[in-house]
Amino acid sequence: MTSRNPRDSRLRLVRPRPLAAAPRAVTQRRSPRPAPRPPEGTPPPGELARMARTGLSDAARVARWADAALGPGRDGATPDGKGTLSDASAERAAAELGLTPVQVRADWDTARLAGLIEVHGGNARPGWRLRAWNRDDSAVLRGWVALFDAWSLAYPEPADHEPSAVAEVVSAMPQVLSFLQLSAGPVPMEQLLDLLEQRVTELRTERCEIPYGPQPEPASQAAAENTPLAPLLDWALHALASVGALTCAAGQATLTPLGSWAVWVKLEQICVAAQSPAGNIEASAEDMLRGCAQLRPNAARAEYRAWLAARPVGSAITELLDAARGEDALSRGLAFEALRVVGAPAEPDVRAVAEETSLRPYALLWLAVHDGHDPEDAHEVLTRTEATWLWVDTAAAVADHGEAPLLVRHLESAVQPTVPMLLDEVRAVGHPRTVQVLVALAAAHPDPALAKAVRRAAFQVHTGGN
């Protein structure tokens, strides 16, 4: 006979699984796709890595100096907490390395953009790429591509131009780079300027047709449209040249072997997304994440990379975090999985949203893994309340997108050792989906006594009673 009293059912303690690791309600398999070959004439990876090491040698030198001279227990390198090298450290590095302080700061900034130095909170420390610099060609190439992606930060933008016009040029440059890559040789500046003007005009037309998100003030928009683009093209090309992506000479621009390879990689990522079952490349972040919910983790990461490759990294991060703030808990978890693909450039934004209740557990887990914690143990950074909130949020995702047995198995990931303790803390945590989660769990659970206890808890949360 079944007891009428709620059982003190013991829950088996297991490590919480990442949301993206949960089985999907629908699984789509990609047909095998042969590994694409880079364009003829592209140097082999080892030669490309040698070029990248040469181009980043000064940045690596400063990063190694900082590792030795400014390690734990020594004077801090970034007193402002933003990754800016202190005056004293810059002077000391200049004296010991035979450089000027200006050169040291430039190399420091390059090292940060390439991931040779990582800033966590107010502390700077060597990145994993610096540790792998001499033995791992892929780490070197990823570091150079990270610098390539951040080209607009590597060279001071014109101070006397309308910021919205600068942003338009940054958004239009992928098409200019694609044209340079397809041309496979020098291209006259006049031709590049014509292409840039066409693309900027398209962007302005799209903005007028589909008002999405915050729009520029009319006066700012008018100023941008009256801004000549030739000086901004000159700035963009020199910025790309400063990171080693192209050369400018005799009124022409030519991609370097590294630059041509990097653009090909980006184009290939876009092609992969265009050929995917979901076709997410032009979708909003929310729609892209919803499409990726049907894919296995590796396929989803490929979609994230392609989607990110088609957008400026800053706006992509903003769009992903906006999607994470929505009502769909599954999209919230997947948004932070996509931000893992972004990597270090997303850290300041993720750290900033850690104060938002709905995003805090995800942000803390993201930061823990980013700081070097084992993903299996990252949940230990969460307080009991944060872990309980995440349990309810994940249960909401399972209830919306999964199957009843999966929701029942989700009980095993709770940090509380008993069902009554879990219900008490779930009621106290104040998650907006608590009632729906408890009702769904009660309907799915095969134990009548436990289901009754869960329904009672749902009713008490709904009525505000005890």
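What share of the 466 residues in the protein is buried? Buried residues make up 45% of them, where buried means under 20% relative accessible area, exposed over 50%, and partly exposed in between (1.4 Å probe, protein chains only).

The model is predicted: local features need pLDDT of at least 70, side-chain atom pairs count only at pLDDT 80 or more, and totals for chains, interfaces and linings use all residues. Residues are numbered from 1 along each chain as its sequence is written, and side-chain values use heavy atoms, with hydrogens and water left out.

**View 1. The whole protein.** The protein has 23 helices and five strands; helices (H or I, at least four residues) and strands (E, at least two) are DSSP runs, numbered from the N terminus. Among contacts (heavy atoms within 4.5 Å) between residues at least 6 apart in sequence, 68% join residues at least 24 apart.

**View 2. The largest nonpolar core.** A nonpolar core is a set of buried Ala, Val, Leu, Ile, Met, Phe, Trp, Tyr and Cys residues joined through side-chain atoms within 4.5 Å. The largest one has 67 residues, of which L289, L320, F336, L339 and W391 touch the most other members. Helix α19 (residues 384-401) gives the most to this core, with nine residues. Not counting residues up to four places away in sequence, L320 touches A285, M288, L289, W307, L308, A335, A338 and L339. A second, separate core holds 64 residues, including M173, L196, L229 and A253.

View 3. Helix α11 (residues 230-242) has 13 residues. From its first C-alpha to its last the helix reaches 18 Å, close to the 18 Å expected at 1.5 Å a residue; the expected span is 1.5 Å times one less than the number of residues. Its buried residues are L232, L233, W235, A236, L237, A239 and L240. Just after α11, G244 takes a positive phi of about 90 degrees.

**View 4. The end of helix α22.** A444 lies in helix α22 (residues 434-444). This residue counts as partly exposed because its relative accessibility is 21%. Leaving aside neighbours within four places in sequence, A444 is in contact with A404 and V408. The C-alpha atoms of A444 and A399, 45 residues apart along the chain, are separated by 9.8 Å.

**View 5. Two cysteines.** C292 counts as buried because its relative accessibility is 0%, whereas C248, with a relative accessible area of 29%, is partly exposed. A search of the whole structure finds zero disulfides, a disulfide being a pair of cysteine sulfur atoms within 2.5 Å.
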